[in-house]
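User: Could you take a close look at one helix pair in this model for me? I'd like to know which residues meet there and how the pair sits in its chain.

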Amino acid sequence: MKLDWQFWSRRLIWLALAIATAVFLLVKVHARMYVSRPALDLYRAVEAVPPDKIIVISCNWEMGTYGENGPQTEALIRQCLKLGKRFAIFGWTWPPGPMLGQQIAERLQRPYHRRYGRDWVNWGFNTGGSPMIRGWAKNIPGTIKEDIFHKPIMSYPVMKGVNTARDVGLIIDITPSNTLITWIEFVYGIYRTPIGYACTGVMAPEAFPYYDAHQIVGVLKGLAGAAEYEQLLGYRGDALKRMPAQSSAHALIIALIVLGNVIYLRARRRGQAPGARLTTT
Amino acid sequence: MRSVAPRLVIWLGAFALAAYLGIRFHVFAPTLGIWLAAIATLAIYSILYRENVVFRLFEHIFIGLAAGYSLYTVVVQVLIPKWFTPLFKEGCWYWIFAFLVGTMFYSVYSKRWSWMNRVAVGFFMGLSAGLGIVGFVTGLAPQLMASFKPLWAQRPPYVEFNNVVFFITLVTVMSYFFFSFEQRHPAVRGSARLGRWLLMIAFGAIFGNTVMARMSLLIDRLQFLLLQWLQVFGKG
């Protein structure tokens, strides 16, 4: 029986990828990251937020990108809890985002002796896009009204003195979507509130023109960004644990690209591949 | 067939009751959750072998769950506290206009009343255009300013090098997008060609990031399957 190579080659690549990553997940390898400038800048921006201002953690993500945005959210919330920076979880693109942020914050708050309402709050999900963000920047209590437990947000001590975007020390947009531009246009552009960005790897190249123009203070680029942040915080979380597997997958993909090109060039030389020189007789 | 149906109903009912009680009293909630997540993950990954019924079933379950959860969140966290309560409990009668404008969108289904949909769409188009102008000034103008970079006397020297690379990339890529006239002159043609190459490098970098992102998601699921699910499997 002849093997259908066209059918099996792709499946074998999936299998090789699964093995290459699984091995490095099961074998403990201590990854050490080179901390990039954008990640370091975001870390310092969180540290520099004064005590009279709140940090907004904009959880604009959902389960589909948990692999990247989850460790980023965890690292950023951990830093806020560790430093005692008050923060608010908020979402306006993906409805599950604030709930996922809530789960992470609830799990992390105990070791740092922080409490909901006193040290942090969850504003929940809101619709309305750009006009809502414009309204939010002018009047936070009027736009948000209630937290996820349906209590007025101003009844919590953590909200003391937080009325407009000028009372926000830093907004960190954690997202796989193009929501950053709304924060920049309607909050940074008008109120000069600093913006940080934690995005998926796909979105990272689009962030750098904003970082270069100083419209955002720092960038966390996908899982690698989360791993850099974990290293800055001095703990070994999911991102650092996954980085050896990530590097192994990348190495395999590079090897497969080289192999694919060699096979293609050989076939082309023999006149068996598209792009081959046609010989006329 | 007749004798099988009642038994099947009883078994399904018993299973549903056991599952409900187990979750309600936290007997096997974590284990059940992990098992459900593992089955769902494997069902979705089954597409890697070939198209199949199990993948389609779980794909539809996910779409239904996402739509249901989104609807629930919008109703509970947005419509009730920000529209229903002010309108009916706090006497803010003017919130009725939000309902009227919102309803106008649905007039598209009637030939007679579809003009009302155009009024609502026109209103929001005007709103978006106005916000777009604000966005251009506050979002893009600083980037235009930031593209004027000094090319010499910078410390440390790599900044100077970076700025030169930035300048060459900016000029050559812009020259590639001059489509108003034919690029005949060798200088313009050469610049446009270099711009195209630099664009290819940028696309390669973007694609590399995309691969990195997709691998991160795969690793997340594999970590779950290997360390959370199989551990439970081993204990069971």
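Analyst: On the H3(A) side, A:Gly67, A:Glu68, A:Pro71, A:Gln72, A:Ala75, A:Arg78 and A:Gln79 meet A:Gly222, A:Leu223, A:Gly225, A:Ala226, A:Tyr229, A:Glu230 and A:Leu233 of H9(A). Contact here means C-beta atoms, placed from the backbone, within 7 Å, and helices (H or I, at least four residues) and strands (E, at least two) are DSSP runs numbered from the N terminus. That contact splits into six nonpolar, five polar and three charged residues; Ala, Val, Leu, Ile, Met, Phe, Trp, Tyr, Cys and Pro count as nonpolar, Asp, Glu, Lys and Arg as charged, and the others, Gly among them, as polar.

This is a predicted model, where local features need pLDDT of at least 70 and side-chain atom pairs count only at pLDDT 80 or more, while totals for chains, interfaces and linings use all residues. Residues are numbered from 1 along each chain as its sequence is written, and chains are lettered from A and ligands numbered from 1 in the order in which they are written.

As for geometry, the axes of H3(A) and H9(A) are 8 Å apart, at an angle of about 25°. Axes are lines fitted to C-alpha atoms, for helices over the stretch in contact, and angles run from 0 to 180 degrees between N-to-C directions. The two helices are therefore roughly parallel (under 35 degrees).

Both helices also turn up at the partner chain: H3 (66-83) and H9 (222-233) are among the elements giving two or more residues to the side of chain A that touches chain B. H1(A) gives the most there, with seven residues.

How values were computed: Parallel < 35°, antiparallel > 145°, perpendicular 65-115°, else oblique. Contact = placed C-beta atoms within 7 Å.
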